[in-house]
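Notebook open, model on screen.

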Amino acid sequence: MPARSGAQFSRRMGQKKQRLAKAEQPHSPSDTAQAPCPKEPCLGPPTTLGPYRSIYFSSPKGHLTRLGLEFFDQPAVPLARAFLGQVLVRRLPNGTELRGRIVETEAYLGPEDEAAHSRGGRQTPRNRGMFMKPGTLYVYIIYGMYFCMNISSQGDGACVLLRALEPLEGLETMRQLRSTLRKGTASRVLKDRELCSGPSKLCQALAINKSFDQRDLAQDEAIWLERGPLEPSEPAVVTAARVGIGYAGEWARKPLRFYVRGSPWVSVVDRVAEQDTQV
């Protein structure tokens, strides 16, 4: 082999080795900015999570836990019972999620029910949510300053009132919201069991107002229902008369309120009904 050809061959081999060495070096961020990730997902800047992304009480496999129309599409009484143990979730505008386990409900049966806002079958702009598809929110104001939240069920004008929650997540935010919105003793620090132990209290704690009226609990991005990890067994559910409807005659005595026995977050305990339920 001539000397010059040998030198050229050696030079080409050296260049090839340099290219191979360069190819084996880690890529800089600019080199990989557009490269796809073959196995692991590419992690970008955090984005706002959608309601289906919530992982609280999700199964290990990450199955969706949000309850849909099929859950709400049942008569008021079984729906009121089914709500017990489920988790109400409220996402605030800043992304904070508040959670509470439902421990007390009341059923309102529609036109026949003298305590219902739809009694006699009357429909107004105020109570329209009661006549919309199951899972629609019906939020109304009482005493000119407090809100109560209901969810429509099967049957025109029938719904379920949420009366109390067990706070699970975001308690300090709930406390701050309650302190800001409640009247009177605003300077007193609220105990955990006082945060959501009443229909208006839970609306304050979750920042729920009239703007939530007629929203779809099965699809809304700011409020939804998740299946709880445990549902109370039949003996754990107390059936009692509803609260604050003395004007409704015999309907005031009907056992259409349901709550979890022994829960410190229930708004009103009925000892007689607890004994009757136990018997």
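I started with β2 and strand β8 (residues 257-260), which pair in the antiparallel sense over three bridges; strands here are DSSP runs of E, at least two residues, and helices are runs of H or I, at least four, numbered from the N terminus. Two strands count as paired if DSSP finds at least two bridges between them. Glu106 has Arg257 in β8 as its bridge partner. This is a predicted model, where local features need pLDDT of at least 70, side-chain atom pairs count only at pLDDT 80 or more, and totals for chains, interfaces and linings use all residues. Residues are numbered from 1 along each chain as its sequence is written, and side-chain values use heavy atoms, with hydrogens and water left out.

Next I looked up the other partners of β2. β5 pairs with β2 in the antiparallel sense over nine bridges, and Tyr108 stands opposite Cys159 in β5. Strand β1 (residues 87-91) is joined to β2 by five bridges, also antiparallel, with Leu88 opposite Gly100. Five residues lie between the strands of the β1 and β2 hairpin, where Gly95 takes a positive phi near 95°.

Is β2 enclosed or open? Eleven of its twelve residues are buried, so β2 is largely enclosed by the rest of the structure. Buried means under 20% relative accessible area, exposed over 50%, partly exposed in between (1.4 Å probe, protein chains only).

Then helix α5 (residues 171-181): I found Met174, Arg175, Leu177 and Arg178 buried. Seen down the axis of α5, these fall within an arc of 165°, so they line one face of the helix; the arc is that of the directions from the axis to the C-beta atoms. On the other side of α5, Glu172, Gln176 and Thr180 are exposed. The buried residues of α5 pack against β2 (97-108), β5 (159-169) and α6 (199-205).

Last, the largest pocket. I noted about 530 Å³ of space in it and 29 lining residues, of which Tyr140, Ile142, Cys148, Arg163 and Pro199 lie nearest its centre. A pocket is an open set of points on a 1 Å grid over the protein atoms alone, where a 1.4 Å probe fits, with protein on both sides within 12 Å along at least five of seven lines; lining residues have an atom within 4 Å of a point. The volume is the space filled by probe spheres set on the points, joined across faces, edges and corners. α6 gives the largest share of the lining, four residues.

Key. Contact = heavy atoms within 4.5 Å.
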